[in-house]
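Morning, everyone. I'd like to take you through one stretch of a structure, strand by strand. Please have the view open.

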Amino acid sequence: MINFPLDTVYLESVDSTNSYLKRIIKESGLSKGMAVMAKSQTAGRGRLGRSWLSNPRDTLCMSIGVKNDYAEGFTLLAALAVYEALKPFCSDKNLQIKWPNDIIAENKKLCGILCERVDEYTVIGIGINVNDKSFVSEIEHKATSLYLLSGKENDVSDIFKAVNSAFENVLTKYDFAFSKDAKEAYTKLCANLGKSVATETKSGVAVGIGDDGSLQIKSGDEVFNVSSGEVAVHNIY
Ligand code: BTN
């Protein structure tokens with residue numbers, strides 16, 4: 001199966017674009033890669049079983065489904081693609097990636113990514129704050145948007161198109177793998193590195209990214225790898 005260019009689907013409202021794409025894959029598989037966007041979601045899902053809150057029409061809720069072999073570090077590659085797509089819309093504001101795949105600016109979250117594996121496919125769910133001017137109180141202090149960063153409104157479907165072409169470019173460039181070159185590009189953008197970080201049970205300083213996309217944390221004389229879960233970073237939301 002050839003993934004690109006992606007087929008596109010535009011929805012008014014859906015429970016979750018990830019769930020929608022997973023249902024299509026389960027029912028019939030995909031004959032090409034597919035990108036779905038919805039103007040609103042009623043049951044958006046985030047990483048680690050959390051829910052994902054979005055402002056209807058202002059937040060871009062989208063998912064991309066591609067057929068690929070399971071690849072460790074793929075979720076970091078997805079962050080690289082979204083970073084490439086969003087950079088031109090941020091008026092020179094410094095964008096970074098908070099491990100594993102949040103896109104951040106000014107220490108606040110601009111975009112979250114949820115990758116889910118279904119059969120031989122990966123569904124990459126992407127939530128991007130585009131024209132949001134404010135957020136519900138739970139996330140107000142830690143969220144930002146392209147509008148808040150640049151002072152400009154964007155057509156949400158233009159951002160959708162930009163993300164779709166960035167995925168085509170980045171996944172083709174790195175051949176769907178978290179290769180040495182992808183790791184080098186990711187490392188330059190990773191906001192965790194050199195900072196004090198904490199997992200639920202340990203803390204230390206983030207010192208590197210493993211070949212499998214794990215975060216390497218130095219605690220005393222020991223370096224340990226974290227490959228899932230939440231890693232808090234000092235001074236970032
Ligand atoms: C996170 O930061 O926890 C990941 C958030 C991912 C949200 C997006 S919005 C579009 C897609 N559909 C979902 O239900 N979740 C993802």
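Start with strand β8, residues 196–198, and strand β9, residues 203–209: the two pair antiparallel over three bridges. Keep in mind that this is a predicted model. Find A198 and look across to β9. Its bridge partner there is S203. The link from β8 to β9 is a hairpin of four residues.

Now move along to the next pairing. β9 also runs antiparallel to strand β10, residues 215–219, and four bridges join them. Which residue of β10 stands opposite A206? That is I217. Another bridge to pick out is the one between I209 and L215, with L215 on the β10 side.

How many residues lie between β9 and β10 in their hairpin? Five. Look at G213 in that turn: its phi is positive, about 90°.

One more strand. β10 pairs with strand β11, residues 222–226, again in the antiparallel sense, and here there are five bridges. The hairpin of β10 and β11 has two residues between the strands. A glycine with positive phi turns up here too: G220, near 65°.

So, to recap the walk. β8 pairs with β9, β9 with β10, and β10 with β11. Hairpins link β8 to β9, β9 to β10, and β10 to β11. Thanks.

Terms used:
Residues numbered from 1 in each chain as written. Predicted model: local features only at pLDDT ≥ 70, side-chain atom pairs only at ≥ 80, totals over all residues. Heavy atoms only, no water. Pairing = 2+ DSSP bridges.
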